[in-house]
Amino acid sequence: ILTSVSMYAVPTLNVYNFEVKNDKEASYKSITEDYVNKTAIEQGVLGLFATTDDRDKLNSYVIEIYNDYLAFSNHTKNQTSADFKAMIPQIAEGNLNATDVEVQFAKDKKIEQNENTFAVYTVIDVKPENNKEFTEIIKNIAETTFNEEGTLVVYLGTDRRNPSKWCLFEVYKDIDSYLNHRSAKYFKDYITQTKDMIVDKKRAELQVLKLENKGSLDYKKLY
């Protein structure tokens with residue numbers, strides 16, 4: 001049963017990324033869907049999202065959001081997590097890369113997944129000397145984005161190992177909602193305003209495999 005976030009909880013976000021072996025795509029889909037279905041019923045789980053890069057179908061992203069760090073920690077110690085990690089060497093090239101994200105902003109609506117559902121994962125490396133200014137700008141952008149028609153999920157945070165590395169996960173009703181977002185004046189202004197603050201940016205437009213969330217998450221870090 002997906003549980004809602006409590007008033008005082010600080011959500012935590014985890015992102016798995018790995019490259020699926022050429023001949024293991026079917027196994028990957030089966031294993032990942034099973035992992036999502038089993039994890040979704042755990043205490044403290046707010047959402048799980050299994051996706052692949054639209055330009056590289058073997059590049060997989062699994063995004064998880066938990067009520068708090070304790071819920072995430074408990075998950076990493078259970079059998080479902082252990083079984084999933086044990087299967088990775090059979091289906092993936094190289095290692096399972098994990099990013100533990102300190103959430104700055106997390107809002108979502110209940111997703112009713114269909115063939116049009118569209119997702120994006122972006123990693124932004126910011127110059128450390130610009131990170132404080134960028135923080136205020138990107139949190140305001142996240143709020144405006146979430147309030148747009150067709151936006152279902154906006155999760156934003158920083159890599160716990162590197163506070164100048166930002167991770168942004170978005171889900172839209174369809175690609176038109178996403179394109180409307182990117183063509184909005186405020187978004188174009190954001191790109192211009194921050195271009196000299198950013199060292200590197202990687203954006204993956206995603207095909208969705210399995211999306212599960214509680215909905216109605218509403219969190220924004222106040223400082």
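Hi everyone. A quick definition before we start: a pocket here is an open set of grid points with protein on both sides within 12 Å along at least five of seven lines. Keep in mind that we're looking at a predicted model.

Let's take the largest pocket. Its volume is about 280 Å³. Who sits around it? The lining has 17 residues, and those nearest the centre are Asn 17, Tyr 61, Tyr 121, Val 123 and Lys 202. If you have the structure open, look at the strands: S1 (12-20), S4 (92-108), S5 (118-126) and S8 (198-213) each give at least two residues to this lining. S8 has the largest share, with five residues.

Now, on to the second largest pocket, which holds about 190 Å³ of space. Its lining is made of 19 residues, with Thr 122, Leu 168, Glu 170, Phe 187 and Tyr 190 lying nearest the centre. Helices come in here: H4 (131-146), H5 (175-183) and H6 (185-194) each contribute two or more residues, and so do strands S5, S6 (151-159), S7 (162-172) and S8. Which element gives the largest share of this second lining? That would be H4, with four residues. By class, the second largest pocket is lined by twelve nonpolar, four charged and three polar residues.

Definitions and conventions: Residues numbered from 1 in each chain as written. Predicted model: local features only at pLDDT ≥ 70, side-chain atom pairs only at ≥ 80, totals over all residues. Heavy atoms only, no water. 1 Å grid on protein atoms, 1.4 Å probe; cavity = no way out; pocket = protein on both sides within 12 Å on 5 of 7 lines; lining within 4 Å. Points joined across faces, edges and corners; volume = space filled by probe spheres on them. Nonpolar A, V, L, I, M, F, W, Y, C, P; charged D, E, K, R; others polar.
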